[in-house]
Each structure stands twice: as C-alpha cells, then as structure tokens.
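The sequence and the structure come first, and the notes follow.

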Amino acid sequence: MSNTTLPTTDNPFVLAFGEGEHRSFLNHLATTKITADAGASMSAIGFTMPRGFGPPLHVHDTEDELMIVLDGEIAFRSGDDEFIGGPGATAWLPHGVPHTFQVLSDEARCVVVTAADDGRLQFGTFVEELGEQIDEPVMPEPGPVDPDAVAMAGARNGLTLLGPPPAPLD
C-alpha cells in the first residue's frame, strides 16, 4: 500500500494495516499512523524491525512510551527490569526511565504509542527528522547510521541517548 496522507482534524478515522506515512528509519520501516500535527494527544507509529535491531539506551524527557508487539519477539530493558515480549505483549516504558530493546526473532512488528502530560509530542518529529519518506511499506536496505545525527535529533526532540545500542546477536 502506498503512503496515506494523515488526517489533520479531530474527527475519528481508521487506517488499515500498511496505511500511513512510511519512512526508512534507522535501517527499519516506520509507518506513522497519528502525530501531534493532527491535533492528537498522542502519537502512534508502527515499526517493522530486523533481527538484532535495538536503539541506543535512551530516556524520554516527557513522553511515556507504550509498545505493543504484533509479531516476533523483543527483549526489553527499562531501568533495572528486563523482560521478553512476544505477539500481544505490551511494554510500558515511562518517561524519565532509561530503556532500550532488541529484536530477538528474524523480524518483529510493533506499534509504539507515545503521550506526554505536557502535550509535547516529540517522538514522531524525531522519526520524521531521521527517516526518509518512502512510497511503499518495505524494509530498507541496511546502511550506515550516523550516531551524532541520531543524538542531535534526539536532543532536539526530548530524547537523550545514554549508551550504545544492544550488542549484536550471535
């Protein structure tokens, strides 16, 4: 399915699987479903990620993150807690608590919903800044990632990088 223009009103809407704004984002696919630009109080972005993918250890200044695993298996670390989630699992990653995750299966799909008490939704902007818009929801070819660009985009969008991504899987 091709890119869908996201609604910009407060009216209800439904986007089918594969609909939304697609981006090649840090060597995986991000499909934005709703952003603060639509006047929403939360953002929702679907991700398709390859085995071994994991973001750097990071913390969100104001946004709480809810991650729902649709397919695959993901190991989560938030603060001192570690757990593994498969299809249907929901991970709650509150703001102010350092967290990361890593895809354990060949591929994983999830939906990330973020919300903030102060209304400053920045994670969607972070994804927009670092992602390259694409027409079709396909996994991008792996390429180099500039950690400095990721750190600077994070700093502009309420996300502080604290450490490297998880170690590569064997």
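## Helix α2

Asp-148, Met-152, Ala-155 and Arg-156 are exposed on the other side of α2, away from its buried residues, which are Val-150, Ala-153 and Gly-154. Because the buried residues fall within an arc of 100° when seen down the axis of α2, they line one face of the helix. The arc is taken over the directions from the helix axis to the C-beta atoms. Buried stands for under 20% relative accessible area and exposed for over 50%, with partly exposed in between (1.4 Å probe, protein chains only).

The buried residues of α2 pack against α1 and β12 (159–161). Helices (H or I, at least four residues) and strands (E, at least two) are DSSP runs, numbered from the N terminus.

## Basis of the model

The model is predicted: local features need pLDDT of at least 70 and side-chain atom pairs count only at pLDDT 80 or more, while totals for chains, interfaces and linings use all residues. Residues are numbered from 1 along each chain as its sequence is written, and side-chain values use heavy atoms, with hydrogens and water left out.

Helix α1 spans residues 123–130, and its buried residues are Phe-123, Gly-124, Phe-126 and Val-127. They cover an arc of only 160° around the axis, so they are on the same side of α1. An α-helix has 3.6 residues a turn, so residues three or four places apart point the same way.

Helix α2 runs over residues 147–156, and α1 packs with it at an angle of about 150°, the two axes being 9 Å apart. Axes are lines fitted to C-alpha atoms, for helices over the stretch in contact, and angles run from 0 to 180 degrees between N-to-C directions. From α1, the contact is made by Phe-126, Glu-129 and Leu-130; from α2, by Ala-149, Val-150, Ala-153, Gly-154 and Arg-156. Contact means heavy atoms within 4.5 Å. Sorted by class, the contact of α1 with α2 has 5 nonpolar, 1 polar and 2 charged residues. Here Ala, Val, Leu, Ile, Met, Phe, Trp, Tyr, Cys and Pro count as nonpolar, Asp, Glu, Lys and Arg as charged, and the others, Gly among them, as polar.

## Salt bridges

A salt bridge is a side-chain nitrogen of Lys or Arg within 4 Å of a carboxyl oxygen of Asp or Glu. By this rule there are 4 salt bridges. One of them joins the side chains of Glu-129 and Arg-156, at 2.8 Å from N to O. This pair links distant parts of the chain, with Glu-129 in helix α1 and Arg-156 in helix α2, 27 residues apart. Glu-129 has a relative accessible area of 37% and is therefore partly exposed.

Arg-23 forms a salt bridge with Glu-21, and their closest N and O atoms are 3.6 Å apart. Arg-23 counts as buried because its relative accessible area is 7%, and Glu-21 counts as buried at 18% relative accessibility. Another salt bridge is formed by the side chains of Asp-118 and Arg-120 (2.7 Å, N to O). Asp-118 is partly exposed at 41% relative accessibility, and Arg-120 is partly exposed at 43%.

Ser-24 is in strand β1, which covers residues 21–25. At 19% relative accessibility, Ser-24 is counted as buried. Apart from neighbours within four places in sequence, Ser-24 is in contact with Leu-130, Gly-131, Glu-132, Ile-134 and Pro-140. Ser-24 and Glu-128 are 104 residues apart in sequence, and their C-alpha atoms are 9.7 Å apart in space.

Leu-26 lies in the loop between β1 and β2 (28–34), and Asn-27 lies in the loop between β1 and β2 as well. Leu-26 is not a glycine, yet its phi is positive, near 50°. Asn-27 also has a positive phi, of about 70°, although it is not a glycine. Leu-26 is partly exposed because its relative accessible area is 22%; Asn-27 is partly exposed at 23%.

Gln-122 is found in the loop between β10 (107–116) and α1, and at 15% relative accessibility Gln-122 counts as buried.
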